[in-house]
Amino acid sequence: LDAIRHGTGAILKLTRLILEEARRRFPDSWQDVLPAPVKLATWVGYDRDGRNDIGWRDVIRHRLIEKQFRLAFYADELKAIAPAGDAGKRLADKLAAVLAHTEKGLELFSVDDESPEVIAAAADHLTSEAPGRITSIAPLLALIDETIAEADDDAKLALISLKAMVKNFGFGAGEIHFRLNASQIRNAARSVLNLVSDHDLFGRRALERVQEAIETTRPVSVNFASLAIEKSSASRLMIAMAQIFKHIDADQPIRLLIAECENPVTVLACIYLARQFGIDDKVDVCPLFETAKALDRSRRILDVLLGQEVYKDYANGRGRVAIQAGFSDAGRFMGQIPATLAIER
């Protein structure tokens, strides 16, 4: 969080510089610009690949810590701007109420007690209507616009910079990157897709099964009780993401990294699981090409994916295709020999 705080401060300075230049060049339209020069992301507390020390309550608690962190940042920036007028006061009051509600939720989810009563109390706080309960940035953006309308030119620039930060970060310290292993995804989807072995995962039959599952599945309703009883790691993570979207931050997308992803069916199976829990429109399913086999197959995997109508529909809905390459296993499997030779030279 300290690192992200420094990064956020730098992005805010850059945003203001961009707006200053826009004001100089485009005096009639600069207020319509909302710069997004750099994104920050984190998987700290969200990496579930081979980890059993991060439970679902930890995931919710971490996300509330991030929401508290980001709301406090917005409140401090607004205080530094000190805009005059009633709208500025309403915005400050709203931020204070949302921050207080978030801090109470964090306190409840930090209780070291797995009893149903404690979990129910924490869940009830997040799900019950209250003045400080907001899950979308829309009310804050509307109040910022009202404050901008009342402000002088210099305060306008600072407020538009703040609006850009709210738009880009939402209620998160950075974009969340969850990570699961490909085997965890396949295990969760295996019974539905009737997958027999990894040898099937490039075949037409497996592709047809997963496409049919995506096309025909309908979202199921889940809640915090579902989290407590679900046994599958992948399904539990999907439910946790659904709860984050419903009760903490509805606007910030989540990237789901599939570690050791070596075939296209695993990606489609992950999209199927996301659709099953009603979050496929907000989750970027991201194959992580890190093993030697995955990097060797990566072009073929993408060729196959982009040939499937269900994947193209998904990608068009998200507006992006997410891939990552060269993380931990890439160094372990491919980098050691050339690195050793380079060191020796």
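In this predicted model, strand β3, helix α11 (residues 264-276) and strand β4 make a right-handed β-α-β unit, where right-handed means that, with the strands pointing away from the viewer, the path from the first strand over the helix to the second runs clockwise. Helices (H or I, at least four residues) and strands (E, at least two) are DSSP runs, numbered from the N terminus. The model is predicted, and local features need pLDDT of at least 70, side-chain atom pairs count only at pLDDT 80 or more, and totals for chains, interfaces and linings use all residues. Residues are numbered from 1 along each chain as its sequence is written, and side-chain values use heavy atoms, with hydrogens and water left out.

The pairing of β3 with β4 (residues 283-289) is parallel and runs over five bridges, two strands being counted as paired if DSSP finds at least two bridges between them. Within this pairing, Ile258 stands opposite Pro287 in β4. β3 (residues 254-259) also pairs with β2, again in the parallel sense, over six bridges; here Ile254 is the bridge partner of Ile176, and His177 stands opposite Arg255. β2 in turn pairs with strand β1 (residues 41-42) in the parallel sense over two bridges, with Glu175 as the bridge partner of Ala41.

In a regular strand the side chains alternate between the two faces of the sheet. From β3, Ile254, Leu256 and Ile258 point one way and Arg255, Leu257 and Ala259 the other, and all are buried, that is, under 20% relative accessible area, as against over 50% for exposed and in between for partly exposed (1.4 Å probe, protein chains only). Because six of the six residues of β3 are buried, this strand is largely enclosed by the rest of the structure.

Turning to the helices, α2 (residues 56-81) has 26 residues and reaches 38 Å from its first C-alpha to its last, close to the 38 Å expected at 1.5 Å a residue, the expected span being 1.5 Å times one less than the number of residues. Just after α2, Ala82 takes a positive phi of about 50 degrees. Helix α1 (residues 2-25) holds Leu14, which is partly exposed, with a relative accessible area of 33%.
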